[in-house]
Amino acid sequence: MTKVIAIVNQKGGVAKTTTAINVGAGLAKHGKRVLLIDLDGQGNLSRGLGCKAKGRSQYTIRDALINIQMGIPTALDKGILKARFDPVCVMPCSKQIDAFALSLKEDPNRHVYLRRYVNTVRQYFDYILIDCSPSLGVMTQNALVAADSVMIPVDPEFFGTDGVEQIIATMTDVQSQMKMRTAFCRLVL
Ligand SMILES: Nc1ncnc2c1ncn2[C@@H]1O[C@H](COP(=O)(O)OP(=O)(O)OP(=O)(O)O)[C@@H](O)[C@H]1O
Ligand SMILES: [Mg+2]
């Protein structure tokens with residue numbers, strides 16, 4: 001069964017991207033089929049694996065999420081690239097994702113688009129790793145909803161563990177919001 005792991009910490013520079021790339025490469029070396037999803041407008045993961053978005057026209061995770069949001073049928077493998085150095089697949093990201101995240105403010109389904117995307121491609125992979133931006137905003141919340149588990153790289157310094165408490169609080173918030181929404185959907189149906 002596919003494992004979906006979000007790599008999360010709102011603190012910057014704690015090695016989220018480095019962890020995603022290296023854990024992904026390690027799993028691939030053990031014969032696992034790995035998809036790395038770059039969910040950070042900085043595009044570090046995409047660049048690190050030789051898959052940096054070349055321009056506005058390149059299909060990225062933002063386009064995949066928009067197509068899901070708009071209900072536009074799309075080839076399941078659209079936009080997924082082969083990394084240059086490691087036998088892993090990459091769904092790249094560019095800074096345009098930030099405007100998309102802002103546009104979701106009033107969208108009642110804003111937390112579920114990545115989960116829907118992941119559900120369309122999970123059959124092709126053993127592991128899907130999601131590299132989040134240094135934020136607990138709507139895109140990271142999407143990652144928390146999509147993931148089965150969460151990996152939190154922490155810098156072992158004085159304020160490092162404060163950040164972990166905030167992440168756990170966000171996870172609890174998202175879990176309770178999703179439960180409310182599921183309950184609401186059941187009521188409507
Ligand atoms: N184990 C390590 N030892 C020393 N340096 C490391 C280690 N892992 C990562 N780094 C360095 O730390 C820096 C930050 O790493 P990285 O970009 O992976 O962090 P990040 O959490 O993804 O950052 P951001 O929040 O900006 O996305 C990089 O320069 C990276 O080379
Ligand atoms: Mg990063």
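Helix axes are lines fitted to C-alpha atoms over the stretch in contact, and angles run from 0 to 180 degrees between N-to-C directions. Helices (H or I, at least four residues) and strands (E, at least two) are DSSP runs, numbered from the N terminus. The model is predicted: local features need pLDDT of at least 70, side-chain atom pairs count only at pLDDT 80 or more, and totals for chains, interfaces and linings use all residues. Residues are numbered from 1 along each chain as its sequence is written, while chains are lettered from A and ligands numbered from 1 in the order in which they are written.

Helix α3 (residues 61-70) packs against helix α4 (residues 96-103) at an angle of about 30°, their axes lying 9 Å apart. α3 is therefore roughly parallel to α4, a term for angles under 35 degrees. Ile-61, Arg-62, Leu-65 and Ile-66 of α3 meet Gln-96, Ile-97 and Phe-100 of α4, with C-beta atoms, placed from the backbone, within 7 Å counting as contact.

Six strands build an open, mixed sheet in the order β3-β4-β2-β5-β1-β6; pairing requires at least two DSSP bridges. Because β3 (81-82) and β6 (149-151) stand at the edges with a single partner strand each, one side of each is left without a neighbour in the sheet. Strand β2 (residues 34-39) pairs with β4 (residues 89-91) in the parallel sense over three bridges, and Leu-35 stands opposite Cys-89 in β4.

Turning to ligand 1, the residues around this molecule include Gly-12, Lys-16, Asp-40 and Pro-134, where the C-beta atom, placed from the backbone, must lie within 6 Å. Helix α1 (residues 16-29) supplies the largest share of this shell, three residues.

Terms used
Angles under 35 degrees count as roughly parallel, over 145 as roughly antiparallel, 65 to 115 as roughly perpendicular and the rest as oblique. Two residues are in contact if their C-beta atoms, placed from the backbone, lie within 7 Å.
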